[in-house]
Amino acid sequence: MADVLLQAESLSKVYRLPRETLISVPPRVQALDGVGFTLRRGCSLGIVGESGSGKSTLARLVMALERPTSGRVVFDGQDLHGLSPDALRRARAGFQMVFQDPYGSLDPRRKVLQTVSEPLAVMHGASRVEQRERAGEVIDAVGLRTSDLDKYPHEFSGGQRQRIAIARALVTRPKLIVADEPVSALDVSVQAQVLNLMQDLQDRFGVTYLFISHDLAVVDLVCDEVIVLQHGRIVEQGDPDRLFRQPQHPYTQRLLAAVPGQHPPRANVAPPLRPFPSGDGRPWPSQGPEGAAR
């Protein structure tokens with residue numbers, strides 16, 4: 001288990017909805033029901049499923065933004081939801097998140113330097129000199145210029161903004177990045193650039209990805225293993241080459257059948273669901289030589 005970075009154990013999450021009347025029992029929604037998986041260091045795990053399947057809820061639990069109703073998340077040997085607030089703050093340096101909307105995830109009133117270096121100030125108490133130095137490193141790593149640190153988000157395209165968001169996630173030198181639909185708001189040509197960048201960063205720095213997406217082609221391209229969620233449960237899991245070409249579960253078959261231009265893998269497949277919307281090789285100094293291994 002030494003190479004396991006992230007482990008989810010029987011994760012369940014129940015939300016209580018507002019009461020319909022003063023005397024009625026609050027309705028309950030089971031967003032996740034017994035989800036479990038392991039993610040090895042330097043690998044990429046894809047989570048797919050239609051809207052409402054529990055993908056974003058799973059991301060919030062992994063990031064310790066919400067507590068599970070039952071189960072636990074073990075990151076690098078630590079039960080995240082069992083940590084004290086101070087210990088959790090320190091642990092957060094090891095896992096970061098890239099959000100879906102590159103326009104909404106950056107503060108338009110703050111320069112790129114402030115946005116990218118903020119995690120260093122909050123988690124490490126780094127000096128201004130250290131913040132600018134580290135921000136320059138990650139901005140260069142994502143293919144932008146250090147002079148871009150003094151610009152505002154409105155001066156960049158959507159793809160460049162997402163590179164800035166990735167740089168912000170990288171600045172604490174994390175072991176895990178949770179990417180929640182990181183390219184869905186971008187044009188197709190820009191999507192390819194961002195995905196190539198993420199793969200390059202994984203090769204250079206040994207980053208581990210939990211990749212959440214409704215785009216099966218994207219997951220097929222970048223992930224080593226795929227989990228299919230339906231109504232908060234795992235219905236199929238495996239290597240993308242096998243899972244996307246010889247799916248066993250009817251739900252997975254319907255997901256593939258819903259992709260425009262794709263044909264169902266079997267003649268007796270159920271009716272389709274509605275279509276979805278569409279360096280230098282050196283590791284981080286703190287990781288050591290093993291950090292670059294996949």
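Tutor: Start with a cut-off: a residue is buried when its relative accessible area is under 20%. Keep in mind that this model is predicted.

Student: What makes strand 7 largely enclosed by the rest of the structure?
Tutor: Strand 7 covers residues 176–180, and five of its five residues are buried, so the rest of the structure largely encloses it. Both faces contribute. Leu176, Val178 and Asp180 point one way, Ile177 and Ala179 the other way, and all are buried.

Student: How do you know that strand 7 pairs with strand 6?
Tutor: Pairing needs at least two bridges. Strand 6 (residues 95–98) and strand 7 have four bridges, in the parallel sense. Therefore they count as paired. Within this pairing, Met97 has Val178 as its bridge partner.

Student: What joins strand 7 to strand 8?
Tutor: Five bridges, with the strands running parallel. Strand 8 spans residues 208–212. Tyr209 in strand 8 stands opposite Ile177.

Student: Why is Ser44 called buried?
Tutor: Its relative accessibility is 3%, and the cut-off is under 20%, so Ser44 counts as buried. Ser44 is found in strand 3 (residues 44–48). Beyond its neighbours within four places in sequence, Ser44 is in contact with residues including Leu39, Gln202, Tyr209 and Val222.

Student: Which residues have the most contacts inside the largest nonpolar core?
Tutor: Val116, Val142, Ile166, Leu170, Leu201 and Phe211, in a core of 48 residues. Helix 6 (residues 188–205) gives the most to this core, with seven residues. Another core, of 30 residues, lies apart from it; Leu32, Phe37, Ala91 and Leu229 are among them.

Student: What does Val142 touch, leaving out residues up to four places away in sequence?
Tutor: Arg163, Ile166, Ala167, Leu170, Leu197 and Leu201.

Student: Which residues of helix 3 are buried?
Tutor: In helix 3 (residues 112–123), Val112, Leu113, Thr115, Val116, Ser117, Pro119 and Leu120 are buried. Their cover includes helix 4 (128–141) and helix 5 (158–170). Just after helix 3, Gly125 takes a positive phi of about 65°.

Notes:
Residues numbered from 1 in each chain as written. Predicted model: local features only at pLDDT ≥ 70, side-chain atom pairs only at ≥ 80, totals over all residues. Heavy atoms only, no water. Core = buried A, V, L, I, M, F, W, Y, C linked by side-chain atoms within 4.5 Å. Buried < 20%, exposed > 50% of the residue type's maximum accessible area, 1.4 Å probe, protein only. Helix = DSSP H or I, 4+ residues; strand = E, 2+ residues; numbered from the N terminus. Contact = heavy atoms within 4.5 Å.
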